[in-house]
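The sequence and the model are shown first.

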Amino acid sequence: MAQTGYTPILLYASGTTGNTPSASNLTSSSSGAELALNYYDGKLFYKDNTGTVQVLAGKGGTGVVAGSNTQVQYNNNGVFGASANLTFDGTNLGIGVTPSAWGSTNKAIEFSYASFANNSGGGAYVAANVYLNGSSQWIYKSTAAASLYQQSSGTHYFYNAISGTSGTAASLTQAMTLNNSGTLIFNQSGQGIQFTNSSALTNSTLNDYETGTWTTTFSAYSNGSSASLSNATYIKIGKQVTLFGEIAFTKTSASGVLAYVNFTIPFATNSGVANCGIVTGESGNSVAILSPYNNGSSISACYFVIPVSSLVGATTDNYAFSYTYQATF
Amino acid sequence: MTFSSTTIIDKTEVLEDGTIQVRQAEVITKDGNEIARNFTRWVRTPGDTAAQSDPAPVPAIAAAVWTESVISAYQAAQAAQRPIGV
């Protein structure tokens, strides 16, 4: 009912969603123009100078939206503009592409191949040619190789994947990690820092560094009854291994030419490489050698060889040594 | 600030002749984050009974790899060995 004292302005109206006036329903001329209202949809219509019915405004004061559904509205010379190159699906934003079906917690900004996405665990993803779906699978966006950089809890992860079929799950390999302590880790065996000073790339790759202690097992005595190892440490740089330690050798004979014993070493020798070490007795007046096997085979063992004549102790002599050899890896 | 230390076998390698190279790591953590890893290495040759007393998975690897034929072949090869020049 109209308010007393006021004269209401009535428009053509419809309460049915989707209803729009036809051009013949409205008049537009210099003497006056009619409006029509769909009060269900919240849209106000008019007929423009070409005789086409247009939306003049929408509910909420949004005005006339441009483009198609999910396209982001922007100021295009004073009116709403839209483009298929800027699409928001309610969770993810696509720039030049329709967003992929990301998992609900990721909330990505996506380009044709590249994406920047949230990691629900508190980190971030920068992905190339893959997206993370709702089943926590990385999916190829196109048939090509893919890579991924992830930050999570202060650790940086680098992944890659060989070329796969668009729409299928990618098997990402963790290639490198920078952990939250600042240590850089090469996750794949044989990979490392490459010095490009040679065409033989394998031989110019520093792929290992390790230090530690080691223990051994003695066997196959000749002119000896027992041996022990102490102060045993090692340094391995690439294929080069240097063992440090002290062997106490107990002789059983003061005659003969050589005494020796076999002992295990922590990295297998490279076959065919003449590894040999010189051992100095603690007394300073006796020497021994560390020798590989006589067939040059690759094996995790070595010989401790002493001239019997140099065994100066009553029963047991101590020999400090460093032994550098080439390992298989 | 909480420090802890855990000892694990973090690497094993089986050679062609059945020898098992073992690396044990002492992993030191501070508040759950690893800050250091100290290594100790040793070797078990086919038939070495000491492998049964090693931490897992060394005994299982030895049991799987060291068949009678592997042990026999290794021992035969050792019996024929001498240091170079001897």
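Strand S3 (33-44) of chain B contributes seven residues to the lining of the largest pocket, the largest share. Strands here are DSSP runs of E of at least two residues and helices are runs of H or I of at least four, numbered from the N terminus. The model is predicted, so that local features need pLDDT of at least 70 and side-chain atom pairs count only at pLDDT 80 or more, while totals for chains, interfaces and linings use all residues. Residues are numbered from 1 along each chain as its sequence is written, chains are lettered from A and ligands numbered from 1 in the order in which they are written, and side-chain values use heavy atoms, without hydrogens and water.

A pocket is an open set of points, on a 1 Å grid over the protein atoms alone, with protein on both sides within 12 Å along at least five of seven lines; its lining residues have an atom within 4 Å of a point. Volume is the space filled by probe spheres set on the points, which are joined across faces, edges and corners.

The largest pocket is lined by 36 residues, of which A:Ile185, A:Asp208, A:Tyr209, B:Arg23 and B:Phe39 are the closest to its centre. Besides S3(B), the elements that give two or more residues to this lining are S19 and strand S22 (209-214) of chain A, and strands S1 (3-14) and S2 (20-30) of chain B. Because domain 2 (100-186) and domain 3 (212-326) of chain A both supply lining residues, the largest pocket lies between them; the domain bounds come from an automatic or database domain assignment.

In the second largest pocket, helix H2 (68-79) of chain B gives the most to the lining, with three residues. Strand S26 (258-264) of chain A also supplies at least two. Among the lining residues are A:Thr217, A:Asn262, B:Asp48 and B:Tyr74.

| Pocket | Volume | Lining by class |
|---|---|---|
| Largest pocket | about 1,200 Å³ | 13 nonpolar, 14 polar, nine charged residues |
| Second largest pocket | about 190 Å³ | three nonpolar, eight polar, one charged residues |

Strands pair if DSSP finds at least two bridges between them. S1(B) and S2(B) run antiparallel with 11 bridges, and B:Glu13 stands opposite B:Gln21. Their hairpin has five residues between the strands, and B:Gly18 in the turn has a positive phi of about 95°. S2(B) and S3(B) are likewise antiparallel, joined by 11 bridges, with B:Glu26 opposite B:Asn38. Two residues separate the strands of this hairpin, where B:Asp31 takes a positive phi near 55°.

In chain A, nine strands form an open sheet of mixed pairing, in the order S9-S10-S11-S12-S13-S16-S17-S18-S19. Its edge strands, S9 (86-88) and S19 (184-186), each pair on one side only. S19(A) pairs with S18 (173-178) in the antiparallel sense over three bridges, and A:Met176 stands opposite A:Phe186.

Note on methods
1 Å grid on protein atoms, 1.4 Å probe; cavity = no way out; pocket = protein on both sides within 12 Å on 5 of 7 lines; lining within 4 Å. Nonpolar A, V, L, I, M, F, W, Y, C, P; charged D, E, K, R; others polar.
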